[in-house]
Amino acid sequence: MSAYSEAGWLWDNWMWTGIVAVITIAMLLSAMTRPGKIYEFPFLAAAITFAFILPQLPGLATDRFLPAGGYAKAIAFSGLCLAMCQMGWWACRRPMRLLDWTFDERRLLIAAGVLSLMGASFYIQLSRLPRDVTVGTTISGLPVVYLFFSRMLTYGLALGLICLARRPSAWAWAIVLGGSLLYLDRIIITGKRGEAMEFLMLIALALWFHRGWAAPRFLMLTGLVAGTLLLGSTHDYRELTRSEGIPDVASLAQIDIVENFDQILERGGPEMHNAVLRIAATDRSRDFDYGAFHWNMLVYTFVPAQLVGQALKGALMIDMDQRYDREYDPLLGSTETGMADAFASFWYFGALKFFLIAFAMRAVYRAAMGGSTGAEIIYLLSVVPAMHTFSHFTQWIVSAWVQLAIFLLPALLYARQRWDEVLRDEISPAAPRDHQTSMQSGLSPPLQIH
């Protein structure tokens with residue numbers, strides 16, 4: 001390789017790295033202009049890019065063993081996907097009308113309690129399994145079933161937090177404290193980053209929607225920097241919990257956070273390495289799946305082979321002829337990132353996936369800010385899956401919404417008030433004034449209290 005050609009590809013790599021860094025930082029800083037913007041999807045997309053994607057890039061930018069031009073192509077596409085998040089957010093002008101319902105608080109608390117108890121039962125079964133089966137490894141079989149149904153605990157916690165933030169009560173406190181204890185147990189024992197982020201966002205968003213309390217923006221940025229440093233030590237922490245359970249202070253002190261972060265900067269991370277190889281291979285072969293990936297993931301996730309048989313489940317999937325390089329061997333437990341599957345679906349036009357995700361998230365957020373309790377619940381439970389579309393794959397948010405429809409929709413239908421009940425409560429002279437709600441055109445009122 002000539003000195004000129006080497007300097008050329010290095011220049012291209014660092015140029016695109018700088019562009020993505022500038023887009024990321026600009027989106028982060030734009031959220032500092034007013035309280036509450038830190039809860040909007042563009043800021044959160046930039047936050048996951050800053051903490052998870054950017055630290056992996058310097059080591060890969062100088063990797064001579066990557067396909068020629070592959071790094072520049074992948075990072076340029078990543079910047080395009082991030083920009084699409086901001087554009088999709090700006091493009092949405094109307095709130096979501098779905099789930100524009102009024103809810104009875106007592107029934108909503110009952111639904112939260114039932115979901116929490118059902119989810120907790122599966123979570124306890126999952127926690128009883130050996131740690132080497134559930135911590136720091138890819139689970140399969142029965143643990144997947146337990147994990148799938150334990151998600152109801154999160155839904156119950158979200159409903160409980162909405163009720164608690166609006167009107168504190170003994171039942172709401174019981175649901176929230178019980179769910180929080182199990183959630184914290186999972187975070188501490190398994191070192192799950194996504195669950196930790198989701199737990200914090202559930203609390204923060206419930207307070208924001210109902211109390212108008214926003215975390216200080218400086219504190220949010222400080223936490224983002226601290227989280228970026230800690231992410232590189234997740235593997236070491238999980239290894240400790242696998243061998244010791246809850247690690248003591250002495251064991252935690254042995255984790256060299258700075259050294260682990262330096263290693264990522266120097267060598268690059270496996271996720272973006274996977275993305276570079278996958279995007280480069282797809283660009284050469286032009287074997288696009290045109291969205292079939294999403295259908296196959298839905299079948300894989302929600303069609304149980306134990307009930308319908310492996311043959312029928314396989315028949316439901318669409319064959320995808322996608323070729324990979326021989327050196328493509330993803331590290332166990334690593335992901336390909338959402339950018340890789342977006343590119344594999346529609347080439348550079350795959351960035352529109354992120355536009356659509358941001359558009360949908362803005363519609364939900366607009367409705368939530370307008371007072372729609374249903375939209376508040378959906379946004380609480382969609383924020384972290386939407387962030388995972390960058391770090392994992394774009395199907396994450398789609399599967400999350402399908403699972404919401406399976407488990408949460410029946411609970412919301414149970415808690416929903418009929419319009420005749422709403423109107424009766426509106427005109428009832430016996431009802432205390434603070435137990436009534438005013439109707440707004442196009443938006444649902446707050447929780448109906450009886």
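This is a predicted model: local features need pLDDT of at least 70, side-chain atom pairs count only at pLDDT 80 or more; totals for chains, interfaces and linings use all residues.
Student: How are α7 and α21 oriented to each other: roughly parallel, roughly perpendicular or oblique?

Tutor: The axes of helix α7 (residues 142-166) and α21 come within 10 Å and cross at roughly 60°. Angles of 65 to 115 degrees count as roughly perpendicular and those under 35 degrees as roughly parallel. The two helices α7 and α21 are therefore oblique.

Student: Is the crossing of α7 and α21 left-handed or right-handed?

Tutor: A crossing is left-handed if the near helix is turned anticlockwise from the far one by less than a right angle, and the clockwise case has the opposite name. The way α7 passes α21 is right-handed.

Student: Which residues of α21 meet α7, and how many residues of the contact are nonpolar?

Tutor: From α7, the residues involved are F148, F149, R151, M152, Y155 and L159. Their partners in α21 are A400, Q403, L404, F407, L408 and L412. By class, the contact of α7 with α21 has one charged residue, one polar residue and ten nonpolar residues.

Student: Is E198 buried or exposed, and which residues does E198 touch?

Tutor: E198 lies in helix α9 (residues 193-211). Its relative accessible area is 4%, and buried means under 20%, so E198 is buried. Not counting residues up to four places away in sequence, E198 touches R151, T154, Y183, L381, V384 and P385.

Student: Where is P42, and which residues is P42 in contact with?

Tutor: P42 belongs to helix α2 (residues 41-53) and counts as buried at 4% relative accessibility. P42 and M27 are 15 residues apart in sequence, yet their C-alpha atoms are 6.8 Å apart in space. Leaving aside neighbours within four places in sequence, the contacts of P42 are M27, C85, Q86 and W89.

Student: Which helices do the buried residues of α15 pack against?

Tutor: In helix α15 (residues 292-302), the buried residues are A292, F293, H294, N296 and V299. These buried residues of α15 pack against α17 (310-316), α18 (338-346), α19 (352-369) and α21 (395-415).

Student: How many disulfides does the structure hold, and how far from C81 is the nearest cysteine sulfur?

Tutor: The structure holds zero disulfides. A disulfide needs two cysteine sulfur atoms within 2.5 Å, and C81 is in no disulfide. The nearest cysteine sulfur to C81, that of C85, is at 7.6 Å.

Student: Are C81 and C92 buried or exposed?

Tutor: The relative accessibility of C81 is 0%, so C81 counts as buried. For C92 the value is 1%, so C92 also counts as buried.

Terms used:
Residues are numbered from 1 along each chain as its sequence is written. Side-chain values use heavy atoms; hydrogens and water are left out. Buried means under 20% relative accessible area, exposed over 50%, partly exposed in between (1.4 Å probe, protein chains only). Helices (H or I, at least four residues) and strands (E, at least two) are DSSP runs, numbered from the N terminus. Contact means heavy atoms within 4.5 Å. Axes are lines fitted to C-alpha atoms, for helices over the stretch in contact, and angles run from 0 to 180 degrees between N-to-C directions. Angles under 35 degrees count as roughly parallel, over 145 as roughly antiparallel, 65 to 115 as roughly perpendicular and the rest as oblique. Ala, Val, Leu, Ile, Met, Phe, Trp, Tyr, Cys and Pro count as nonpolar, Asp, Glu, Lys and Arg as charged, and the others, Gly among them, as polar.
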